[in-house]
Amino acid sequence: MPLRLPDRLPAIELLKQENIFVMDATRAHAQDIRPLRIVILNLMPLKITTETDLIRLLSNTPLQLDISFMKLKSHTPKNTPIEHMMMFYRDFESMRDDKYDGMIITGAPVEQLDFEQVSYWDEITQIFSWARTHVTSTLYICWAAQAGLYYYYGIPKYPLEKKMFGIFPQYTINPRLPIFRGFDDVFMMPHSRHTELHREDILNHPDLSLLAESPDSGVSMVMARKGREFFITGHLEYAPNTLDNEYRRDKDIRDDVELPRNYYRNNNPAESPLVSWRAHANLLYNNWINYYVYQETPYDISQIG
């Protein structure tokens with residue numbers, strides 16, 4: 001089944017070029033089934049890139065999804081045209097009474113600030129609380145994962161001596177969980193962050209389950225409330241060239257930028273990236289939609305809570 005997206009969203013044409021079947025809202029009205037409602041709170045600076053990355057992964061489910069985009073009223077993005085935001089995004093206040101089967105909250109370029117120093121902390125914590133009564137299952141990615149764990153469970157983040165940057169092997173703690181159905185014993189995950197979580201903090205909290213970790217990149221996946229909340233510290237949604245773009249951007253600004261680890265063929269930035277995470281990224285998002293969104297959500301969406 002296709003994804004149902006807002007008319008004229010740039011990701012539609014980009015993904016059609018990859019032979020991914022997407023459907024705009026006008027055509028979708030002819031479909032006589034209730035699609036799963038997914039809302040994405042996109043905090044990344046390059047909105048269109050992140051939209052495309054997430055929609056690419058969501059497109060592989062056989063279920064029909066109705067995708068909406070949420071934005072913060074207390075923060076104006078600097079790297080996305082205001083026309084794009086006005087056309088495709090809605091303020092949280094205008095969506096407060098709606099209910100959704102699934103939600104994705106992305107990372108944000110604010111991780112080196114204390115949480116309370118983030119200008120939109122008050123608004124985003126309102127959204128965190130709202131998600132618990134208005135969404136069946138929520139994925140928190142990178143900074144949002146750290147922020148959610150801090151807000152809900154008091155889990156602190158810790159600064160790293162140097163940036164965690166590259167593709168790192170992850171090992172599952174409980175491979176029998178539905179979120180890992182079809183996974184190998186080890187899977188790769190992109191990371192790009194300056195802070196980390198400590199596994200002891202997760203293990204010592206009775207309401208949290210450590211799902212996956214790495215000897216190199218540390219805690220990577222945490223679950224709470226039997227799958228109503230997932231916290232992912234990396235970026236399985238990243239496109240093949242995302243870390244390359246980040247490396248070259250930073251290299252133009254500073255002279256202390258290290259190569260992303262386990263990323264370039266032969267560890268040579270003149271060669272193309274070796275994509276090693278895409279299959280498991282698709283599996284994880286499919287499993288989330290099927291086992292934690294679709295099978296847990298009531299048919300009458302008003303019953304979510």
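Is tryptophan 121 buried or exposed? Hold that thought for a second, because buried means under 20% relative accessible area, exposed means over 50%, and partly exposed is in between, using a 1.4 Å probe and protein chains only. Tryptophan 121 comes out at 8% relative accessibility, so it counts as buried.

Before I go on, a bit of housekeeping. This is a predicted model, so local features need pLDDT of at least 70 and side-chain atom pairs count only at pLDDT 80 or more, while totals for chains, interfaces and linings use all residues. Residues are numbered from 1 along each chain as its sequence is written, and side-chain values use heavy atoms, with hydrogens and water left out.

Okay, aromatics. Rings of Phe, Tyr and Trp (its six-membered ring) pair if their centres lie within 6.5 Å; planes under 30 degrees apart are stacked, over 60 edge-to-face, and the rest tilted. By that rule there are 24 aromatic pairs. One of them joins tryptophan 121 and tyrosine 150, tilted, with 6.1 Å centre to centre and 50° between the planes. That pair links distant parts of the chain, 29 residues apart: tryptophan 121 is in helix H6 (residues 121-134) and tyrosine 150 in helix H7 (residues 143-153). Helices here are DSSP runs of H or I, at least four residues, and strands are runs of E, at least two, numbered from the N terminus. Tyrosine 150, at 26% relative accessibility, is partly exposed.

Then there's phenylalanine 128 with tyrosine 151: their ring centres are 6.0 Å apart and the planes sit at 50°, so this pair is tilted. Again it links distant parts of the chain, with phenylalanine 128 in helix H6 and tyrosine 151 in helix H7, 23 residues apart. Phenylalanine 128 is buried at 0%, whereas tyrosine 151 is partly exposed at 34%. Both belong to one aromatic cluster, along with Tyr140, Tyr152, Tyr153 and Phe231.

On to charges. Side chains of opposite charge can pair when their charged atoms come close. How many salt bridges does a search of the whole structure find? It finds 14, where a salt bridge is a side-chain nitrogen of Lys or Arg within 4 Å of a carboxyl oxygen of Asp or Glu. Take lysine 71 and aspartate 91, at 2.5 Å, N to O. They sit 20 residues apart, lysine 71 in strand E4 (residues 65-71) and aspartate 91 in strand E5 (residues 89-91). Lysine 71 is partly exposed at 21%, and aspartate 91 is partly exposed at 22%.

Another one is glutamate 229 with arginine 225, at 3.2 Å. Here glutamate 229 is buried, at 1%, but arginine 225 is partly exposed, at 30%. There's also a salt-bridge network linking Lys163, Glu246, Arg249 and Asp250.

Lysine 163 turns up again, lying over the face of phenylalanine 165 at 4.4 Å from the ring centre. For a charge to sit over a ring, NZ of Lys or CZ of Arg must be within 6 Å of the ring centre and within 35 degrees of the ring normal. Arginine 37 does this too, with its charged end over the ring of tyrosine 100, 4.6 Å from the centre.

Last stop, histidine 191, in strand E9 (residues 186-196). Histidine 191 is buried, at 0% relative accessibility. Leaving aside neighbours within four places in sequence, its contacts (heavy atoms within 4.5 Å) include Phe165, Ser217 and Leu243.
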